[in-house]
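Please read it alongside the model shown here.

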Amino acid sequence: MGDIKLTADTLKPVPVWRRFLVPGIILILLILVPVFASEYVVYVAVLAIIYAMLAGSYDLTTGYAGPLTFCHGAFYGLGAYASALLTIKASFPFWIAFPISGILVFIFAFIIGYPALKLKGHYFAVTTFFFGYFVYLVLLNSAKLTGGPMGLRGIQAPESFFGINFATLQGSYYLTLFFAVLFLGFLYFLVNSGFGRMLVAIRENEDLAEATGINTALFKVLAFSLGAAIAGMTGSLFAHFFRLLHPTTFAWMTSEMIVIMALVGGLGTLIGPIIGAFIVTFILEIMRFAPEYRYIIWSLALIIILIIEPAGLMGIVRRLQRRKR
Amino acid sequence: MLLQQIINGIIIGSSYALIALGLNLIWSITDIADFAQGGIYVIAAYVAYYVVTAAKLPFILGWLCAIVIGGGLAYLIERFLYRRWTGKSRIQLLCAIALFFLMANLAILLFTPKAKIFPAYVQGAFNVGGFTVSFQRVVVLLVSAALFVVVFLFIMKTRMGKAIRAASQDRLVAQVVGINIHTVNSTVFVLGGMLSATAAVLISPLYAVFPAMGDLPLLKSLVVVILGGFGSVAGVLVGGLGLGLAESLGSVYISSAYQHGFAFFVLILVLMFFPKGLFGRV
Amino acid sequence: MSVLLEVINLRKEFGGVVAVNDNNFVVEQGSRIGIIGPNGAGKTTTFNMICGAFKPTAGKILFQGKEIQGQRPHTISRLGIGRTFQNVRAFGSLSVYEHVLTGILAHDLKLIPTKEQRERVETILEMTNLVKFRNTTVKDLTIALQRKIELATALGTNPKLLLLDENMAGLTYVEINETLELLRKVNKEMGMTLIVVEHIMKVIMELCEKIIVLNYGKKIAEGNPHEVANNKEVIEAYLGEESQYA
């Protein structure tokens, strides 16, 4: 039984067209969803795509660079509220608030990440957990600013672009899909670039990476902050799609679900967490008739996954591939 | 008013200290930050609640059932889950958090999110210099203090206690000198489970029983462990009481909404200057 | 020959234990130095201080005239000091090719590795006789091969000074000769200065021009192999009754 990490299998270089075959098919299917499916399915698909971005960005921080974090939901929430407040209170247009929320979350994550990432072992994980909880408390208790437990309403949809109306479900869907492809594509490029190799080195053996000349502290903070920033911008997309924000949407249970999605798919593979996000979101929706059971089932599922194949779905795929050879 | 705050602070602080004591022993021996203790805390509270209100049995029995179930759950978790992944602390941590997640939601499912009022052990109060102090709170203080003494003596005087201390300093060497690490692990987990259960039962009459009741005490107790130091009973006591007092007084003089955040700030401050915790050791 | 590395009054205490006890030595550019001594003599601790893993309790380390003690390992690596570890360290899940490439990228980060960088990987793989393993996952290889990969990766960072901490432990006679040839080559052709910690006397005697002997943290002898092998204190502490190299 392995560990929860996978690395890009460098044994046999995969021809380019094969590497993009599965994601390509998925993308085409996704583009066709609003054409053939009911409004409800489209709505669920939007959520799935949002979670795919969250799980994918989480993979950058934890799957590639290494440290386990439990506050991704908090970054998602910070971006959501920042974007909402910028448009409501400061009359920013969405298209300005959107990138600014990403920048704000990046800076925030960098500031807390820099000291925090020096912590060893579980100290860091516990600190992120507490941080996530703390953000939730702040959001809940700042009623004047965030509406607190009453929620934040009155968020507008993104302004039209080239005549496309983003207030409709279809418009929102394609907007979200567009940015998902953009962000996840960027992440794909990043993790396969030199930058990604540095992260992998740090994850594999931090001391050796440091001795080889890699500024491990800087790279870890960058990965952490970039992952956070993407989560923040995803939050912005969510805020202007759902148009109602409540602190519980961003509490630690959300962070935990993101972790579960990433683990189901397989940390450190990027495509794994994306697939994991889709699977978990759809199953959660199927079970919406029994909400109390949903989290119970998924926490049990996580434990079972940890017992059987900590490297998730992609781990199972790799095992099968190895047997074929 | 001030005296009341101080007493509240000490009481809540002693509950942190009790949980933290168990967490401390577990963490220092197995390198696991056992989030599952938060779940055990919640389950134990409900067990005691139902024993006392539904079965209408005396409080002592409620407490006994709670610690049996608490200790038992902790034992099973260690034996059949954590032990599978010896050395793989990331998986163990993920499992601990998953268990916490599971138990908290199980409570929501089984017992509804509505808070339940736990009846007090003792009625009545007495006056101290113009302030009213309920006997309930006195009982909590006395029991907590007694437990700390008991655990302290256990750790210091008994053979198992010595084995625990040895293992917490160096797991490998402890095994080399013949200490059965499995027995030690099981013991600290059972102890931790019983301590968390006791903390829950002591606090419930004062603050009600609800599924999310474990969240904050668990986090605060983890902070206390990090601050108070590994293998140090005194450190945990000081840290726990200190945090409880700071929160209680802070809620009056600074802000009641952010008293929970206080622990977080303290954590960040301490870790900035002492990345290995106040008393060293990762 | 100019001085590349200077260690001045270097001291390291761990609690009550003095691991390195006010040592002084000088390493000239282009030389091949050996550091020997019984286990616990302070050899690895000295390396750790030179490379930034530990902060000295006292003393200075000068590299190319500048003080480097207390700096972070990656900074020192980028200044031109490379190192291999006593307990072999590797990026296990990578292929050998990727492993060496990582070392090169660490010092010259490019989002997409350049042709020159990729060619350098090939050159290094050839130099170290690892070409046939280029696509094998490092953790699937023997420890001896992993040591070689560690060396190859360090070479990829183009160091001016290379520290080898018992890099040849467990190698066969043939493998040792191979590595010695490689080291002599990089020393002669690339001017790389070498400091080697070894217990294998063959390596020390055949490779090193100067040997420093440590015992209980203190330098007890310094000189060429012949001098050191005949030094009474050294013989007592380390080499045993009669040295065949005298």
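Among contacts in chain A between residues at least 6 apart in sequence, those joining residues at least 24 apart make up 79%. The model is predicted, and the values below are computed from it. The secondary structure of chain A consists of 15 helices and zero strands. Its radius of gyration is 19 Å, close to the 20 Å that the globule rule gives for 325 residues, so chain A is as compact as a globular protein of that length. Along the principal axes, the C-alpha atoms of chain A fill a box of roughly 55 × 45 × 40 Å. Of the 325 residues of this chain, 55% count as buried.

**Contacts of chain A**

Chain A touches chain B through a contact that takes 32 residues from chain A and 31 residues from chain B. On the chain A side, α6 (121-141) and α14 (291-308) each supply at least two residues. The largest share of that side, 12 residues, comes from α6(A).

With chain C, 20 residues of chain A are in contact with 28 residues of chain C. Here α9 (194-204) and α10 (206-211) of chain A each supply at least two residues of the side that touches chain C. The largest share of this side, six residues, comes from α9(A).

In chain C, four strands form an open sheet in the order β2-β1-β4-β5, with antiparallel pairing. The edge strands of chain C are β2 (17-28) and β5 (66-67), each of which pairs on one side only. Strands of a sheet pair through backbone hydrogen bonds, either parallel or antiparallel. How many bridges join strand β1 to strand β4 of chain C? Five bridges join β1 (residues 3-14) to β4 (residues 58-63) of chain C, and the two strands run antiparallel. The bridge partner of C:L5 in β4(C) is C:F63.

Helix α1 (residues 43-51) of chain C packs on the sheet, where this helix touches β1, β2 and β4 of chain C. The direction of helix α1 of chain C makes about 115 degrees with that of β1(C).

How values were computed. Residues are numbered from 1 along each chain as its sequence is written. Chains are lettered from A and ligands numbered from 1 in the order in which they are written. This is a predicted model: local features need pLDDT of at least 70, side-chain atom pairs count only at pLDDT 80 or more; totals for chains, interfaces and linings use all residues. Two strands pair if DSSP finds at least two bridges between them. Two residues are in contact if their C-beta atoms, placed from the backbone, lie within 7 Å. Axes are lines fitted to C-alpha atoms, for helices over the stretch in contact, and angles run from 0 to 180 degrees between N-to-C directions. The radius of gyration is taken over C-alpha atoms; the globule rule is 2.2 Å times the number of residues to the power 0.38. A residue is buried if 20 or more other C-beta atoms lie within 10 Å of its own, exposed if 12 or fewer, and partly exposed in between; C-beta atoms are placed from the backbone.
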